[in-house]
Amino acid sequence: MMDHLRDRIAALQGPEATGALLARVHERLSRGEHVILPVADPAPTAARWRPGAAAAALIAAGITLWVLWPAAPLTAGDRQGELTFTSATPRAGETVQVTYRAPATLAGRDRVVLRARYRTSRDESYNDGMRQVVATELMPAGDGLFRASLRLPDSVVYAVFAVEDLDGRIVDSNGHRLWELLVHDRGGRPTFDALTQRENDLMGRNWEQGYETARQVAALYPDRIASWSNLLFYEKNVLGESHLDSALTAHRARLKAFHDRLAQRAALTADELGYMFWYALAVHDTVRESFWRSRLEREAPASPFAVQNRALAITARAWKDKDSVRALADLDRLWDEAGPAHGNLLVMGWQTARRVADSAALVRWAEHWWQKDPRDSTFIADAFTKVPALREEGMRLLRLDLRGLETRNDARRALERTVEEQRVADAAKTREILVMLGDALVASGRTRAGLDTLTLAVREGWDIALFRRVARIKVSTGDTAGGLRLLGLFAVDPSTETWSRDSVRRVTGVPLDSAAWARIVNESRDEMRRRLLALAVRRALPPAVRLEAAGGRAVRFDSLTRGRVTVVAFWSRFCGPSKEELPALARLIARLQQQGVAVVTITDERVSDDLQQFLAAQQLTFPVYGDAWREASRAFSQWGTPSYFVVDGDGVVRFQYRDLNRIPAEVAALQ
Amino acid sequence: MERLRTGDLEALDALFHRHARALLGVAYRLTGSSAEAEDIVQDLFVGLPVALRRYAEQGALGAWLRTVTVRLALDRMRRRERRREVPLDSTVERTAGDSSATGAMEARWELERALALLPDALRVVFMLKEVEGYSHAEIGRLLGIRTGTSEVRLHRAIKALRGALGGQP
């Protein structure tokens with residue numbers, strides 16, 4: 001039987017290896033795109049938590065965090081002040097007194113602004129689309145202090161804050177950590193909803209802190225199934241699989257205990273039903289998963305968890321009977337019944353409408369998206385431009401988005417951002433939309449207008465794949481000189497492969513002598529520098545930042561850089577995304593060191609034998625320093641890994657939080 | 001090989017024609033999604049010219065390509081889980097096309113559905129061991145788990161598959 005099953009599965013063929021697929025490979029290569037392949041196995045991760053001690057340590061850690069809440073104050077510096085709330089453990093809707101000791105950059109103002117991101121118990125994870133508000137203005141109170149009263153809105157359970165000047169040009173975000181308030185219960189304990197919203201706010205911002213919060217929730221609210229379901233989610237993502245195998249045993253035992261307690265109880269909330277189902281699913285207990293799925297769909301059919309399951313069942317059936325039209329009708333009915341109960345219903349409805357290629361359905365599901373979030377329009381507009389019947393409407397929406405980006409809107413400005421930083425981000429978004437609009441115009445036959453729009457998109461910023469693509473269109477429409485200018489930009493980026501760089505001249509199809517090409521390349525180098533420096537920041541570092549070298553020895557950061565352009569990489573072997581990037585980081589470091597660029601990699605732990613063994617197992621040979629005194633994290637205002645910085649020869653941070661691929665060009669711009 | 005390393009497109013095309021179909025199958029069986037399988041194989045061939053510079057030419061190139069494809073698929077699945085994404089493609093994308101499903105097609109849908117309903121951790125071990133022919137030790141290294149864990153997962157996967165297929169082979 002097993003052989004037969006194996007043969008049947010082995011006979012499942014994937015998609016055809018078509019010429020179109022190969023053409024896409026060619027296109028990506030011609031754009032100079034890079035993919036770093038995982039050519040080595042990951043080394044097993046040493047779990048930070050020993051399973052046997054995990055439960056006791058969990059409770060101890062939770063209690064410690066609770067006692068220490070909020071985090072210990074940081075030293076006030078030139079840019080970083082100190083914000084305190086009285087009470088620091090407010091109840092919902094309570095008025096708190098806010099005191100702010102301003103740093104030198106904000107002292108002496110006649111008032112400063114306290115901005116906030118408020119979260120209610122129903123807000124979702126990640127901060128995309130969250131609004132920021134002015135919570136209050138803080139007035140001078142002598143001795144360099146500012147004060148105000150702030151009444152928390154009744155529905156708010158968690159809030160984060162930053163302070164800035166009236167123009168939004170100087171922002172104190174507590175070194176990107178922000179300040180926070182959690183609503184507490186009568187016993188002075190942060191409420192379950194407050195902690196859950198803290199997890200949601202940290203999602204994507206800092207996984208390690210999110211995991212710490214999940215552990216705290218489990219310690220403070222062990223009777224709630226959601227605590228353990230969420231904790232397991234973080235364990236999977238932060239600790240990795242090697243820890244999970246042993247942790248799963250404890251989770252299965254806990255699931256059984258919850259099941260024994262709740263299975264016969266009649267009146268359970270939709271959340272309890274949903275989390276029991278998800279917990280059983282996550283620990284691979286198929287019998288209990290089936291039991292709780294059935295109760296969930298029977299007793300709370302319009303709840304978010306059930307709606308997601310029902311939508312999945314509809315699409316799974318469509319996969320089987322290949323009837324997308326019927327699936328779309330069912331998803332429409334589910335929407336009529338439950339509305340925007342779960343984001344995945346929107347995703348499935350939208351995807352199914354796209355597959356059916358029914359423009360009326362596409363418009364209908366777009367309207368559903370807008371009902372949930374009226375600002376979610378760019379991807380909808382882009383999708384519309386791909387459907388001939390909706391292309392004009394798509395272009396109209398893109399133009400509306402462009403107009404929206406022309407005006408200052410502080411609600412969408414993240415708390416950590418200055419107005420200037422938001423302007424740079426808006427400019428990048430504007431370029432993205434111009435590319436969509438330009439492509440749509442070309443597709444509709446208005447090649448000249450499309451090319452003009454694409455030309456606007458490549459006027460600023462640094463996107464070599466786009467430069468190459470627009471260059472090709474320019475050349476094909478007879479603008480060889482314009483095409484060559486863009487190809488020059490593509491060619492001078494240090495990450496462009498040599499063979500790709502040498503081939504760009506051939507794209508034009510016209511003879512070009514070496515001297516003319518050399519002139520274009522020289523001009524392009526200056527242009528690259530100008531464009532990248534327009535995206536740069538200037539942030540001085542404190543003079544004496546200590547790091548821990550092997551053997552526990554303290555070294556000064558500036559003794560490692562010695563006036564050279566320096567790439568600084570903060571990483572952690574306990575952070576999945578950071579660990580994934582280590583091989584690519586190692587390759588980049590080897591390349592940069594050949595160019596005489598200093599590289600300092602800083603990890604979030606002591607430089608121990610255990611760490612050295614990890615580095616050896618991963619075949620990582622670059623020098624590693626530990627942030628034993630947290631001085632580097634504070635100096636760079638970095639919180640969460642991986643994060644990368646490029647520091648110029650004067651020791652000033654010029655590029656921050658950039659992706660690895662951009663670093664060679666940023667280094668070149670500073671040299 | 002030398003031509004491939006310098007980005008010679010003809011050499012890359014020849015390699016694509018020889019191996020792409022089998023690699024698409026590997027990626028598809030692991031991810032359960034045609035779209036993801038195509039993305040993975042695209043990524044593989046885009047990254048090959050550079051990666052081959054570090055390929056030591058020990059062992060068969062086909063086996064090396066297959067292992068890199070497996071790693072790409074695993075990376076993608078891990079990222080999907082981290083974003084809490086439902087593997088939507090696997091449930092939706094098979095809806096296009098004609099509706100005259102034959103008995104053989106029905107059986108295939110059933111089988112694919114049973115595989116898709118397996119948790120990723122079990123399905124991956126099953127595919128790597130039973131279909132792709134990796135040893136438990138190799139699977140352990142690929143997934144960062146112990147050999148014994150791989151064995152346990154295989155056992156659970158087979159049990160779950162038999163259950164999902166109603167005891168039918």
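The quantity called pLDDT is the predictor's confidence in each residue, on a scale from 0 to 100. The structure shown is a predicted model, and chain A averages a pLDDT of 85, with 89% of the residues scoring at least 70. Residues 42-77 of chain A, however, stay under 50, although the model has 52 contacts beyond four places in sequence for this stretch. Where pLDDT is low, the predicted coordinates should not be read in detail.

Leaving aside residues up to four places away in sequence, A:V567 touches A:L592, A:V597, A:V599, A:Y644, A:V646, A:I663 and A:V667.

Among the helices of chain A, α14 (residues 378-385) and α15 (residues 391-406) have axes that come within 7 Å and cross at roughly 150°. Because angles over 145 degrees count as roughly antiparallel, α14(A) is roughly antiparallel to α15(A). Their contact involves, among others, A:I380, A:A381 and A:F384 of α14(A), together with A:M395, A:L397 and A:L398 of α15(A), and the crossing of the two helices is left-handed.

The loop between α15 and α16 (419-443) of chain A contains A:T407. Is A:T407 buried or exposed? A:T407 has 7 other C-beta atoms within 10 Å, and because a residue with 12 or fewer counts as exposed, A:T407 is exposed. From A:T407 to A:R423 the C-alpha to C-alpha separation is 9.7 Å in space, and the two are 16 residues apart in sequence.

Notes:
Residues are numbered from 1 along each chain as its sequence is written. Chains are lettered from A and ligands numbered from 1 in the order in which they are written. This is a predicted model: local features need pLDDT of at least 70, side-chain atom pairs count only at pLDDT 80 or more; totals for chains, interfaces and linings use all residues. Two residues are in contact if their C-beta atoms, placed from the backbone, lie within 7 Å. Axes are lines fitted to C-alpha atoms, for helices over the stretch in contact, and angles run from 0 to 180 degrees between N-to-C directions. Helices (H or I, at least four residues) and strands (E, at least two) are DSSP runs, numbered from the N terminus. Angles under 35 degrees count as roughly parallel, over 145 as roughly antiparallel, 65 to 115 as roughly perpendicular and the rest as oblique. A crossing is left-handed if the near helix is turned anticlockwise from the far one by less than a right angle, and right-handed if clockwise. A residue is buried if 20 or more other C-beta atoms lie within 10 Å of its own, exposed if 12 or fewer, and partly exposed in between; C-beta atoms are placed from the backbone.
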